[in-house]
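Dear colleague,

Please find below the structure that I am handing over to you.

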Amino acid sequence: MTATLALGDVRQARTPGNDRPQPVADLAVRLNRPEIDDDAQWVYALGWPGGGTHLDRLARQADGSWRSTRPVPVGGTWKTFVRVHAGRTMLSVPVRMSPDPAIAFAGFPAQAQTTRVMVADTDLMQIERRRDAPMSLWTPATIVVLGTVLGILILMAAVSGRLGRMRGRPPSVEPPPGLLLEHVDRVLARARHRDRETVGV
């Protein structure tokens, strides 16, 4: 599956999380699979981490293409791509992704018009993920993470239960007598005396 991307009216404008203007452009997308267009739950442009997050649900056009409703970032450190969700299909195509030397990623330059192959959504969302890690490490790592989360939940439940019991428990140490306590005792004694007189009547 491929997507033809066209950028128009490239200009400088503010982007999410940035005070200074950065390059933005209007985006048009045409998919080569009509059945995907008809069944798509959503098609949107996503951009990050150029200082914030850009999210724009694309609008379907009469000719079957899709267009952005507001300009998408195409400069700076932005990684911008189009995501398509249709049934069990979740695909993405890069519009512009900045290079990342730390992971030897050459990036995708923003082009006025280009056709690119759509890939599994996780391939772009997790571009930093190492592919050479042995699969045998995933199961133990997952168990450790889930066990840690479960342990935290159990600890929180135990602490909450203990605090709840402590609130209803009378103090274990008798407070020293004082004027306030003596006054409270006299008030309680008078109240009990009135109750006995009322019962007698």
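Asp19 and Arg14 form a salt bridge, with 3.4 Å between their closest N and O atoms. The term salt bridge is used here for a side-chain nitrogen of Lys or Arg within 4 Å of a carboxyl oxygen of Asp or Glu. Both Asp19 and Arg14 are exposed, where exposed means over 50% relative accessible area, buried under 20% and partly exposed in between (1.4 Å probe, protein chains only).

Please note that this is a predicted model, in which local features need pLDDT of at least 70 and side-chain atom pairs count only at pLDDT 80 or more, while totals for chains, interfaces and linings use all residues. Residues are numbered from 1 along each chain as its sequence is written, and side-chain values use heavy atoms, with hydrogens and water left out.

In general, side chains of opposite charge can pair when their charged atoms come close. How many salt bridges does the rule give? The count is five. One of them joins Arg83 and Asp121, whose closest N and O atoms are 2.6 Å apart. Arg83 belongs to strand β8 and Asp121 to helix α2 (residues 121-125), so this pair ties together parts that are 38 residues apart in sequence. Helices (H or I, at least four residues) and strands (E, at least two) are DSSP runs, numbered from the N terminus. Arg83 counts as buried at 12% relative accessibility, and Asp121 counts as buried at 9%.

A network of salt bridges that share partners joins Asp9, Arg11 and Asp26. Within it, the side chains of Arg11 and Asp26 meet at 3.4 Å, N to O. Arg11 is partly exposed, with a relative accessible area of 28%, and Asp26 is partly exposed as well, at 30%.

The structure also holds three aromatic pairs. Rings of Phe, Tyr and Trp (its six-membered ring) pair if their centres lie within 6.5 Å; planes under 30 degrees apart count as stacked, over 60 as edge-to-face and the rest as tilted. The rings of Trp42 and Tyr44 form a tilted pair, at 4.7 Å centre to centre and 40° between the planes. Trp48 and Phe81 have ring centres 5.4 Å apart and planes at 80°, so their pair is edge-to-face. Because Trp48 lies in strand β3 (residues 42-48) and Phe81 in strand β8 (residues 79-86), the pair ties together parts 33 residues apart in sequence. Phe81 is buried, with a relative accessible area of 0%, whereas Trp48 is partly exposed at 22%.

Yours sincerely
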